[in-house]
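These are my notebook entries on a single structure. I record what I looked up, topic by topic.

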Amino acid sequence: MTQTFSIQESQKLQLEPLKIPQRLLLGPGPSNAHPDVLQAMNTPPVGHLDPAFLALMDEIQALLRYVWQTENQLTIAVSGTGTAAMEAAVANVTEPGDVVLVGVAGYFGNRLVDMAGRYGADVRTITKPWGQVFKLEELRNALSTHRPAILALVHAETSTGARQPLEGVGELCREFGCLLLVDTVTSLGGVPIFLDEWGVDIAYSCSQKGLACPPGASPFTISSRALEKVTRRKNKVENWYLDMTLLGKYWGSERVYHHTAPINMYYALRESLRLISEEGLANCWQRHQKNVEYLWNSLEDIGLSLHVEREYRLPTLTTVCIPSGVDGKAIARQLLIEHGVEIGGGLGELAGKVWRVGLMGFNSRKENVDTLIEVLRKVLPN
Ligand SMILES: Cc1ncc(COP(=O)(O)O)c(C=O)c1O
């Protein structure tokens with residue numbers, strides 16, 4: 001006897017076609033995608049093993065090496081957001097029992113601690129108040145105390161707006177025989193990075209900030225030194241989807257099927273990287289620096305103060321102290337609902353204390369600073 005099933009018509013929704021309000025995204029990310037990137041995303045998908053797509057993957061690899069200033073062969077995009085690339089970084093190089101030393105001076109340092117612990121690492125931390133950075137000498141002392149297999153640092157701590165200097169850290173790591181893993185989620189494309197010169201072994205990023213692309217395809221790179229550790233592993237990488245020994249065969253010359261790549265996201269990433277290459281990396285970094293300095297001066301002109309010491313401020317993300325007596329959440333909501341401008345609130349220790357203003361990728365423009373200042377003047381109490 002055949003069983004019959006009836007459709008629950010009551011579950012059906014009668015909706016209008018998608019309509020999303022236009023926003024100026026000046027928060028910690030995502031930032032507005034470049035119009036050319038959105039246009040590229042509209043290109044009809046081809047197969048993930050189509051020669052045209054494979055050629056595009058090669059272009060993404062080459063362009064990523066340029067924006068990161070690295071020669072690393074295994075430089076790819078992970079299908080997922082920045083967290084997926086972060087997890088790929090941690091999962092591949094961490095073996096159970098490895099001592100992993102994490103520099104924690106904000107929310108994303110803590111996320112690295114949590115992740116490394118889940119992959120069985122013996123996690124140690126070196127900490128700083130949120131908004132400060134580690135000095136070389138402090139890192140040396142911590143390396144000497146903990147003798148880790150991996151040192152993990154956040155180059156651009158999005159929760160605080162602080163830029164961790166990396167010059168000399170790779171040399172220290174070599175001296176102590178450990179790998180250097182760096183989060184460049186809020187720095188790639190907007191903050192000077194010289195991955196190879198700085199001796200960084202593993203790095204990851206995202207698409208939705210400095211690259212001016214929607215979220216979903218996230219840069220990942222690993223040095224041959226770190227890859228040796230991956231190939232020497234006693235056990236397989238615990239995460240199948242993010243295992244570089246498998247992913248490397250899809251992105252490398254073998255072209256072995258691994259997963260169906262989000263084709264249109266990769267179109268978008270390729271276009272966003274092409275645009276940076278067209279502008280020139282140095283020009284792109286200078287544009288971010290020039291516009292953020294204009295932002296800092298403009299914010300100070302309207303009586304606001306900034307959380308991070310000038311020398312260590314990020315060109316991509318600025319933390320602004322919420323004046324006492326002001327309801328930071330209410331102001332941010334008013335900016336969004338009444339003026340279509342998004343800024344972020346504080347995370348963790350800085351919740352309720354700062355706003356986070358991003359000027360990243362396509363959004364790093366003078367007119368966006370002017371718009372923000374104009375609307376802030378309207379909503380802030382006199
Ligand atoms: C420093 C840092 N690391 C990791 C992530 C995680 O990236 P995603 O939110 O794209 O998963 C973020 C997100 O903002 C970040 O700022």
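Predicted model: local features only at pLDDT ≥ 70, side-chain atom pairs only at ≥ 80, totals over all residues.

**Entry 1: T221 and its surroundings**

I looked up T221 and found a polar contact of 2.8 Å between its side chain and that of T75. By polar contact I mean a pair of N or O atoms within 3.5 Å; within protein, one must be able to donate a hydrogen and the other to accept it, and residues adjacent in sequence count only if both atoms are side-chain atoms. Residues are numbered from 1 along each chain as its sequence is written, and side-chain values use heavy atoms, with hydrogens and water left out.

I placed T221 in strand β10, residues 217-222. Helices (H or I, at least four residues) and strands (E, at least two) are DSSP runs, numbered from the N terminus. Is T221 buried or exposed? T221 is buried, because its relative accessible area is 1%; buried means under 20%, exposed over 50%, and partly exposed in between (1.4 Å probe, protein chains only). Not counting residues up to four places away in sequence, I listed W68, T70, N72, L74, T75, L195, D201, I202 and A203 as touching T221. Contact here means heavy atoms within 4.5 Å.

**Entry 2: A217**

I found A217 in strand β10 as well. A217 has a relative accessible area of 0% and is therefore buried. With neighbours within four places in sequence left aside, A217 is in contact with V78, G80, C206, S207, M265, Y266 and L269. I also noted the pair A217 and E59: they are 158 residues apart in sequence, and their C-alpha atoms are 14 Å apart in space.

**Entry 3: the ligand shell**

Which residues surround the ligand? I recorded T81, G82, T83, F108, R111, A156, T158, D183, V185, T186, Q208 and K209, where a residue is near a molecule or strand if one of its heavy atoms lies within 4 Å of it. By class I noted three nonpolar, six polar and three charged residues in this shell. Ala, Val, Leu, Ile, Met, Phe, Trp, Tyr, Cys and Pro count as nonpolar, Asp, Glu, Lys and Arg as charged, and the others, Gly among them, as polar. Helices α3 (82-93) and α4 (107-118) each supply at least two residues of the shell.

I then looked up the polar distances to ligand oxygen atoms. A polar side-chain atom of T83 lies 2.4 Å from a ligand oxygen, and one of T81 lies 2.6 Å from a ligand oxygen. For K209, an N or O atom of the side chain is 2.6 Å from an oxygen atom of the ligand. The ligand taken alone exposes 390 Å², of which the protein buries 87%; these areas come from the Shrake-Rupley method with a 1.4 Å probe, and for residues only the protein chains shown count as cover.

I located H258 in the loop between α8 (244-251) and α9 (263-279). H258 is buried, because its relative accessible area is 5%. A polar contact of 2.9 Å joins the side chains of H258 and H259. Beyond four places in sequence, H258 touches W240, Y241, L246, L247 and Y250.

R255 lies in the loop between α8 and α9. I noted a positive phi near 55 degrees for R255, a residue other than glycine.

**Entry 4: further backbone geometry**

Most residues other than glycine have a negative phi, and most peptide bonds are trans. I recorded R147, not a glycine, with a positive phi of about 45 degrees. R147 is found in the loop between α5 (136-146) and β5 (150-154), and its relative accessible area of 53% makes R147 exposed.

I also noted a cis peptide bond between G29 and P30, with omega about 5 degrees. P30 is found in the loop between β1 (24-25) and α1 (35-41).

I looked up the domain assignment, whose bounds come from an automatic or database source. The assignment gives domain 1 (24-30 + 280-379) and domain 2 (35-277). Their C-alpha centres lie 26 Å apart. The contact takes 26 residues from domain 1 and 32 residues from domain 2.

Finally, I located E309 in the loop between α10 (281-301) and β11 (317-321). E309 is exposed, with a relative accessible area of 53%. The C-alpha atoms of E309 and Q132 are separated by 8.0 Å, and the two residues are 177 residues apart along the chain.
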